[in-house]
Amino acid sequence: MSEESVPYSNSAPITLDALKGRPCCYPKMHPAFISPVPEEVKALRNFLGLSQEACAKFTGVKFVSGKGSQVVRKWETHMDSSNHKPIPYSAWRLMLAAAKIVDLSEDLEQAKRPSS
């Protein structure tokens with residue numbers, strides 16, 4: 001995949017490399033991890049070339065064929081809205097892995113390590 005800009009609403013486009021450095025791309029166990037905001041979810045979905053329906057199929061959430069996914073729409077709804085729902089960590093990591101931002105084998109190894 002080429003290094004394309006990821007569109008962000010109400011802000012300048014960023015590259016995929018810029019997204020890689022954001023706290024939402026750290027493993028959940030990392031002390032600086034912050035859940036992705038709706039704009040990050042939408043930008044990554046768009047970078048992957050997925051419609052909301054295709055994103056729902058890929059992440060295993062409910063969708064209505066030809067109408068999209070209310071679940072994905074809620075992930076992308078502004079956080080101040082009562083309709084907003086955060087994206088599950090597993091769906092987010094799957095999307096990051098598909099974009100080759102993270103390597104899930106590293107997540108697996110980290111999960112196997114004993115807790116301190």
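Which residue takes a positive phi just after α5? In this predicted model, the residue is lysine 100, with a phi of about 60°. The value is positive in a residue other than glycine. Lysine 100 belongs to the loop between α5 and α6, the latter covering residues 104-112. With a relative accessibility of 68%, lysine 100 counts as exposed. The paragraphs below place this loop and helix α5 in the chain.

The secondary structure of the protein chain consists of six helices and two strands. Along the sequence these elements follow the pattern β-β-α-α-α-α-α-α. The chain has 116 residues, of which 34% are buried. Of the contacts between residues at least 6 apart in sequence, 47% join residues at least 24 apart.

Helix α5 spans residues 89-98. Its buried residues are Ala91, Trp92, Arg93, Met95 and Leu96. These buried residues pack against four helices, namely α2, α3, α4 (70-75) and α6. Two of these pairings, with α2 and with α3, are described in turn.

Helix α2 comprises residues 38-47 and packs on α5 at an angle of about 40°, the two axes being 10 Å apart. The angle makes α2 oblique to α5. The crossing of α2 and α5 is left-handed. On the α2 side the contact is made by Glu40, Val41, Leu44 and Arg45, and on the α5 side by Trp92, Met95 and Leu96. By class, this contact of α2 with α5 has five nonpolar residues, two charged residues and no polar ones. An α-helix has 3.6 residues a turn, so residues three or four places apart point the same way. In the α2 contact, Val41 and Leu44 are among the residues taking part on one side, and Trp92 and Met95 are among those on the other.

The second pairing joins α3 and α5. Helix α3 covers residues 52-59. The axes of α3 and α5 come within 10 Å and cross at roughly 105°. This angle makes α3 roughly perpendicular to α5. Helix α3 contributes Cys55, Phe58 and Thr59 to the contact, while α5 contributes Ala91, Leu94, Met95 and Ala98. The residues of this contact divide into six nonpolar, one polar and no charged. Met95 of α5 is named both in the contact with α2 and in the contact with α3.

Cysteine 55 has a relative accessibility of 0% and counts as buried. Threonine 59 is likewise buried, at 16% relative accessibility. Beyond its neighbours within four places in sequence, threonine 59 is in contact with Trp75, Ala91, Leu94 and Met95. Glycine 60 is found in the loop between α3 and α4. In contrast to the buried threonine 59, glycine 60 is exposed, with a relative accessible area of 62%. The C-alpha atoms of glycine 60 and alanine 91 are separated by 8.2 Å, although the two residues are 31 apart along the chain.

The loop between α5 and α6 also holds alanine 99. Alanine 99 is buried, with a relative accessible area of 7%, whereas lysine 100 is exposed. Leaving aside neighbours within four places in sequence, alanine 99 is in contact with Leu16, Leu44, Phe47 and Leu48. One of these partners, Leu44, also takes part in the contact of α2 with α5. Between alanine 99 and leucine 16 the C-alpha to C-alpha distance is 8.6 Å, and the two are 83 residues apart in sequence.

The cysteines were examined for disulfides. A disulfide is a covalent bond between the sulfur atoms of two cysteines. The structure holds zero disulfides. For cysteine 25, the closest cysteine sulfur is that of cysteine 24, at 4.0 Å, which is too far for a bond, because a disulfide requires the two sulfur atoms to lie within 2.5 Å. Cysteine 25 is itself buried, at 6% relative accessibility.

Technical notes: Residues numbered from 1 in each chain as written. Predicted model: local features only at pLDDT ≥ 70, side-chain atom pairs only at ≥ 80, totals over all residues. Heavy atoms only, no water. Buried < 20%, exposed > 50% of the residue type's maximum accessible area, 1.4 Å probe, protein only. Contact = heavy atoms within 4.5 Å. Axes fitted to C-alpha atoms, helices over the stretch in contact; angles between N-to-C directions. Parallel < 35°, antiparallel > 145°, perpendicular 65-115°, else oblique. Left-handed = near helix turned anticlockwise from the far one by under 90°. Nonpolar A, V, L, I, M, F, W, Y, C, P; charged D, E, K, R; others polar.
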